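Colleague: I would like to learn how to read a model like this one, feature by feature. Please give the general idea each time, then the case at hand.

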Amino acid sequence: MMARTRKFWSHSEAAAALIWVSSAILFYCVVQMALRNSSPINHPSSSTSSSDASISNAEKRAIIYEKMARDLDEHGAAFLKHGETSQSLSLSDLFAIKDGSVTPILKAAIPPVRANVLYLRPEYSVHISEAVRSVFLPHFDKMIWFQNSTLYHFSMFHASHHIAPVLATEYEIKAEANAVKAVAEGLCPLKIVLDRVVLTSTGVLLGCWQVTSGTDPVTIRAKLRSALPRAPDKQLYDAAILHTSFARLLGRPNTSLTVADETRFFHDLVTQLNNKLNGFQAMVSELWYVEEFDVLALALDGKMKVQKFQLGCSQT
């Protein structure tokens, strides 16, 4: 779509992109720590070690999710510290209060991100969104951003991202999309179940899922890696994970709390939501190839181009 590059970003665009990058790096580190520290098996540095292969993909996900659930206790509610990231960038670069509601501040992504995501249809996502709003909205009012329920997705694989941009011509993008379509035709729809909801120290409310049938995320990512050889070697998430962003907390709740009470308060809200949603089942049957022309377009309702492919494998 964009054949030429630009040499410099504006300060505001760079700040927004750095927020995205720092969050992705933090999340990647949490995932890697989970696999190294939480498993009873000593993993060699190689991701293809025999000991790693002895753990099922479901067990890997369980280990990751358990570590993610402890993140708030281990690191505290960092999002309450004026919404700063590890690089002292403010969330105000991404969000503003306009007409009494939270509004995203959209910035052009240069170059655009090219993401492959599994899509969760509204017949499932609307129920989740309503549950999230019922639990969190009364306590946060203008200090929360809810993911658009028509854009619930599971990030699978990036052909290009902000940490390692891979420039592409319009012809190359078309070839990538065709390659992703071919992958989708060989994938079986996933039946998934919500394992748990977690709140990270950076204020992201995530749904963590297990797969009960269909093509496993590990296999999907491996097939996309083979189909997209120009993609960055370093991807943003562990190969086993299957997660969805439900909302982002941007600041303190309406209730005045002491520091000692804050973590318990957030855990109570997450427990309420888990009581509503734990065990929720869904079917996933679409793989999207997305060009994000705005930073975090999928998360912030920004400008994007979506090519949708049905998972073509027939299950018996």
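Colleague: Is threonine 215 buried or exposed?

Modeller: Buried means under 20% relative accessible area, exposed over 50%, and partly exposed in between, with a 1.4 Å probe and protein chains only. Threonine 215 has 12% relative accessibility and therefore counts as buried. This is a predicted model, in which local features need pLDDT of at least 70 and side-chain atom pairs count only at pLDDT 80 or more, while totals for chains, interfaces and linings use all residues. Residues are numbered from 1 along each chain as its sequence is written, and side-chain values use heavy atoms, with hydrogens and water left out.

Colleague: Where is threonine 215 found, and which residues does threonine 215 touch?

Modeller: Helices (H or I, at least four residues) and strands (E, at least two) are DSSP runs, numbered from the N terminus. Threonine 215 sits in the loop between E7 and H6. Contact means heavy atoms within 4.5 Å. Leaving out residues up to four places away in sequence, threonine 215 touches Leu187, Cys188, Pro189, Leu190 and Ile220. A polar contact is a pair of N or O atoms within 3.5 Å; within protein, one must be able to donate a hydrogen and the other to accept it, and residues adjacent in sequence count only if both atoms are side-chain atoms. The side chain of threonine 215 reaches the backbone nitrogen of cysteine 188 at 2.8 Å.

Colleague: Which residue caps the N-terminal end of H6, and which residues of H6 are buried?

Modeller: The cap is aspartate 216, with a side-chain oxygen 3.0 Å from the backbone nitrogen of valine 218. H6 covers residues 217-227, and its buried residues are Pro217, Ile220, Arg221 and Leu224. Seen down the axis of H6, these buried residues fall within an arc of 95°, so they line one face of the helix. The arc is that of the directions from the helix axis to the C-beta atoms.

Colleague: How do I read a sheet?

Modeller: Strands of a sheet pair through backbone hydrogen bonds, either parallel or antiparallel. Two strands pair if DSSP finds at least two bridges between them. Here, 5 strands form an open sheet in the order E4-E8-E7-E6-E9, with antiparallel pairing. Its edge strands are E4 (144-146) and E9 (281-284), each pairing on one side only. E6 and E7 pair over 8 bridges, with lysine 191 opposite serine 213 in E7. E7 (residues 204-213) and E8 (residues 243-249) pair over 5 bridges; glycine 207 stands opposite threonine 244 in E8, and valine 204 has arginine 248 as its bridge partner. E7 is mostly covered, with 8 of its 10 residues buried.

Colleague: What packs on that sheet?

Modeller: Axes are lines fitted to C-alpha atoms, for helices over the stretch in contact, and angles run from 0 to 180 degrees between N-to-C directions. H4 packs on the sheet and touches E4, E7, E8 and E9, its direction making about 170° with that of E4. Helix H3 (residues 57-75) lies across E6 and E7, at about 165° to E7.

Colleague: Which strands form the sheet of 4 strands?

Modeller: That open sheet has the order E5-E3-E10-E11, again with antiparallel pairing. E10 and E11 pair over 7 bridges, and valine 290 stands opposite valine 306 in E11. H6 packs on this sheet, touching E3, E5 and E10.

Colleague: How many residues are in the largest nonpolar core?

Modeller: A nonpolar core is a set of buried Ala, Val, Leu, Ile, Met, Phe, Trp, Tyr and Cys residues joined through side-chain atoms within 4.5 Å. The largest has 65 residues, and Phe136, Leu205, Trp209 and Phe266 have the most contacts inside it. Helix H4 (residues 122-140) gives the most to this core, with 7 residues. Apart from it lies another core of 10 residues, among them Leu91 and Leu296.
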